[in-house]
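Biologist: Could you go through this structure with me? I would like to begin with the ligand.

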Amino acid sequence: MKKVSIIGGGIIGLCSAYYLAKEGYEVVVFDKSDMSDGCSYGNAGMIVPSHIIPLAQPGMIAQGIKWMFDSQSPFYVKPRLNLDLMKWGLQFYKHANLKHVEKAMPALCNLSLLSKDLYQDFAQQNNSFFYEEKGLLMLYKTEKTGEEIQHEGILAEKLGLEVDFLSKEEVSQLEKGTATNVIGGVHYKSDAHVYPQKFMQFIKEELKRLNVKIHSQTTVNDFVLKNNAIAEIITDKGNFEADEVVLATGSWSPHIAKKLNVSISILPGKGYSFTLNDQSHKPSIPTILCEGKVAVTPMNNDIRFGGTMEITHTNDTKINQNRLQGIVNSINDFYPDLKIEMPKEQDTWFGFRPCTPSGMPIITRDKKLKNLTLVTGHAMMGLSLAPATGKIVEEIISGKKTSVDTQMFQL
Ligand SMILES: Cc1cc2nc3c(=O)[nH]c(=O)nc-3n(C[C@H](O)[C@H](O)[C@H](O)COP(=O)(O)OP(=O)(O)OC[C@H]3O[C@@H](n4cnc5c(N)ncnc54)[C@H](O)[C@@H]3O)c2cc1C
């Protein structure tokens, strides 16, 4: 059986490893970190068939520019004179239109629904990662946001998702965990959630069972190319031969792809989260606080709050206290009884979402190198889309018909 080398042991790399190993491939994973933290661990854990509209959408540019001047806003592009940023911005501008959104919606929805089915299969095996189906509640405080959120709900209904449009009173009947200060909400019954760290633990145990070899703390630096294919992977721990290579390096993908003469436009969208453990008084339904774009996820006995999207670079590891304060303020505005305090810096997590300018993930065979598959750019939906992405990677490498159409996920 062929040997597949996966570069990147985040959720996308590990789910790819799982489906490949299950089909009998000999799988090796390389990751530069110790694989105990990173974007796939501290995220909000939401599985979101409801998220059918990509970041690149009409109105986003004007809204983004307004937010640039607010130090607590949920979206920010770190201005710098940089060619990659300019190219990304131009591509984002080109994609922020209705035509793109209309094509993106069914593609994202199908991928998401497949992923949810696969999460259900995992949970049936052993739900050590607290998979729950409570849907996703979108709460809003202003008429203007309410109109936008309801419009998105109607589009989702047209794609077959089950959506409830709730008044203020109906929100408090559904959310019994704590009081809410909102004018209404939209409840996507399709959505689910997990505890990301526990899921990563689960999938690593599955990989051990399937004899996948994991080389953590091993950085891939370069490649030996022969006859339009990757012959060897050069790491800081030596060279490794490979039949097939999967590149799943999240926000670091452009840098490593350059070594293969492949151009990928991805910028990291830095986001923060903090988790309060053993909370008896907490929201009971996973929620987005729409005006602040804050994600709230109950995870077993804990509660996690996450937010902000700072388009930046991977060396920017600073925690921006103003933006964190913006998250805390939103939580206290929406949930008046919670009285959340600013988390300490050491209790604040950050991660880099790998953001493509089209808002679409890349799941494709490379056009030039015949043994290379690219899987990256899942932005704010990497956890949600990971099992489906992994399954498709196996199908691509095996030469099978893919479970969903991948035309929108090309480079
Ligand atoms: C605040 C926040 C909240 C979020 N909430 C959600 C949510 O609710 N639902 C959802 O679906 N998504 C969510 N996301 C997004 C999700 O976390 C990401 O899309 C996902 O984790 C990306 O996974 P990945 O495997 O592509 O990348 P990563 O997890 O970043 O993995 C890439 C791996 O590649 C390794 N690597 C890089 N370069 C090299 C190299 N040269 N050699 C070896 N290894 C290398 C890195 O060490 C890393 O481990 C959220 C993100 C943030 C920041």
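Biologist: How far is an oxygen atom of the ligand from an N or O atom in the side chain of Asn43?
Modeller: The distance is 3.2 Å. A polar contact here is a pair of N or O atoms within 3.5 Å; within protein, one must be able to donate a hydrogen and the other to accept it, and residues adjacent in sequence count only if both atoms are side-chain atoms. Please note that this is a predicted model, in which local features need pLDDT of at least 70 and side-chain atom pairs count only at pLDDT 80 or more, while totals for chains, interfaces and linings use all residues. Residues are numbered from 1 along each chain as its sequence is written, and side-chain values use heavy atoms, with hydrogens and water left out.

Biologist: And which distances involve the backbone of Met381 and of Ser384?
Modeller: A backbone N or O atom of Met381 is 3.3 Å from an oxygen atom of the ligand. For Ser384, a polar backbone atom lies 2.6 Å from a ligand oxygen.

Biologist: How much of the ligand does the protein bury?
Modeller: The protein buries 95% of the 1000 Å² that the ligand exposes when taken alone. Accessible areas come from the Shrake-Rupley method with a 1.4 Å probe; for residues, only the protein chains shown count as cover.

Biologist: Which elements give two or more residues to the shell around the ligand?
Modeller: They are helix H1 (11–22), strand S14 (267–276), strand S18 (349–355) and helix H10 (382–398). The largest share, 4 residues, comes from S18. Helices (H or I, at least four residues) and strands (E, at least two) are DSSP runs, numbered from the N terminus.

Biologist: How many residues surround the ligand?
Modeller: There are 36, and the closest are Asp31, Ser40, Met46, Ala379 and Ser384. A residue counts as near if one of its heavy atoms lies within 4 Å of the molecule or strand in question.

Biologist: Is Ser115 buried or exposed?
Modeller: Ser115 is buried, with a relative accessible area of 0%. Buried means under 20% relative accessible area, exposed over 50%, and partly exposed in between (1.4 Å probe, protein chains only).

Biologist: A change of topic: which backbone oxygen lies 3.2 Å from a polar atom of the side chain of Ser251?
Modeller: That of Phe352. Ser251 sits in the loop between strand S13 (244–247) and helix H8 (253–258) and is buried, at 5% relative accessible area. Setting aside neighbours within four places in sequence, the contacts of Ser251 include Phe352, Arg353 and Pro354.

Biologist: What about phi at Met35?
Modeller: Met35 has a positive phi of about 60 degrees, although it is not a glycine. Met35 is in the loop between strand S2 (26–30) and strand S3 (46–47), and is buried with a relative accessible area of 6%.

Biologist: And Lys293: what is its phi?
Modeller: Lys293, also not a glycine, has a positive phi of about 50 degrees. Lys293 counts as partly exposed, at 47% relative accessibility.

Biologist: Lastly, which residues of helix H2 (residues 60–68) are buried?
Modeller: Met60, Gly64 and Trp67 are buried. They cover an arc of only 60 degrees around the axis, so they are on the same side of H2; the arc is that of the directions from the helix axis to the C-beta atoms. Their cover includes strand S4 (75–77) and helix H3 (83–95).

Key: Contact = heavy atoms within 4.5 Å.
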